Amino acid sequence: MSKRHKETIHFIGNMMGVFDTHAHLYDSRFSEEGIAEDDILRRASEAGVDKVLVPADRLETSYKAVEYAINNGGKFGVSIYAAVGVHPHEASNYTDETDMELRRLIIDRKRNQILALGEIGLDYYYDFSPRDTQKEVFIRQLKMAYECDIPFILHEREATKDCLDILLQAKKEGYLRDNPGVCHCCSMSVESAEVLLKLGFYLGFDGPLTFKNNRKGVELAEHTPLDRIVVETDSPYLTPEPNRGKTNEPEFVPFVVERLAEIKGIDPLEMAKITTDNAIRMYEMD
């Protein structure tokens, strides 16, 4: 039986126009759980989500993200976009051919529904790729984002100092855009996140913000200016309360919006509009 069973709590409200800026909808976990693509998008639409960005973690999933966006965009009124790139876990597999293929996809970004490069960065929690290799591939993709003039999705876990050092050096050497992109699932300290904000980054908030006792996340949300906040699910992972433990879907992102609204002391509908407007500006959409 699917983990997304009858006990799942659906968002009941009147949100509309919500943008889930990070959802791996091609992930095999959905099919393994018996969750159909059309059902995911239908439920998203019913919850008020009308835009979803599908990011990649390697070349293979870059193709899958583009294919998903092209084949599913517009279903149930949900616009689907893609990001292409190589996650630090996969840095050891990055080759010159990978670099050329990513550039080829980005050059034809309009047809491929691509809004960003990513997700890219550093992950020292698992160290699935050697740290020196991660840093090398991160820098290569930073230069690609600058040369292709496209925002990127930053992944950082347990690597804050090296990540910030690389970004600050990129800024100094002139290959960091004024609008770099978003720090996905940002879990940095307020002090470190302030460096990102000064560099022009947006910060992505997702399910963990709704977890009890997540004081660090609340402090970061309190500190982040309203015009730099975007929301995401990281589906099928990081499911927010009250559905924690179940497979995550874009339909659950309104729970994150609601929690942000509570923290910021504003109406959830206003927060939904703010975060969507921010994402549209961040991704430089027409």
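How close do the axes of helix H9 and H10 come, and at roughly what angle do they cross? The axes of helix H9 (residues 215-223) and H10 come within 9 Å and cross at roughly 70°; axes are lines fitted to C-alpha atoms, for helices over the stretch in contact, with angles from 0 to 180 degrees between N-to-C directions. This is a predicted model, in which local features need pLDDT of at least 70 and side-chain atom pairs count only at pLDDT 80 or more, whereas totals for chains, interfaces and linings use all residues. Residues are numbered from 1 along each chain as its sequence is written, and side-chain values use heavy atoms, with hydrogens and water left out.

**Helices H9 and H10**

- H9 is therefore roughly perpendicular to H10, a term covering angles of 65 to 115 degrees, while angles under 35 degrees count as roughly parallel.
- The crossing of H9 and H10 is right-handed, meaning that the near helix is turned clockwise from the far one by less than a right angle, and left-handed if anticlockwise.
- Val218, Ala221, Glu222 and His223 of H9 form the contact with Arg259, Leu260, Ile263 and Lys264 of H10, where contact means heavy atoms within 4.5 Å.
- Four nonpolar, one polar and three charged residues make up the contact of H9 with H10; Ala, Val, Leu, Ile, Met, Phe, Trp, Tyr, Cys and Pro count as nonpolar, Asp, Glu, Lys and Arg as charged, and the others, Gly among them, as polar.

**Helices H3 and H4**

- The axes of helix H3 (residues 59-72) and helix H4 (residues 96-107) come within 10 Å and cross at roughly 15°, so H3 and H4 are roughly parallel to each other.
- The crossing of H3 and H4 is left-handed.
- Leu59, Ser62 and Tyr63 in H3 meet Thr98, Glu101, Leu102, Arg104 and Leu105 in H4.
- The contact of H3 with H4 comprises four nonpolar, two polar and two charged residues.

- Beyond its neighbours within four places in sequence, Leu142 contacts Ile120, Phe152, Ile166, Leu167, Ala170, Tyr175 and Leu176.

**Leu269**

- Leu269, in helix H11 (residues 268-282), is partly exposed, with a relative accessible area of 36%; buried means under 20%, exposed over 50% and partly exposed in between (1.4 Å probe, protein chains only).
- Not counting residues up to four places away in sequence, Leu269 touches Asn14 and Met15.

Methods:
Helices (H or I, at least four residues) and strands (E, at least two) are DSSP runs, numbered from the N terminus. Angles under 35 degrees count as roughly parallel, over 145 as roughly antiparallel, 65 to 115 as roughly perpendicular and the rest as oblique.
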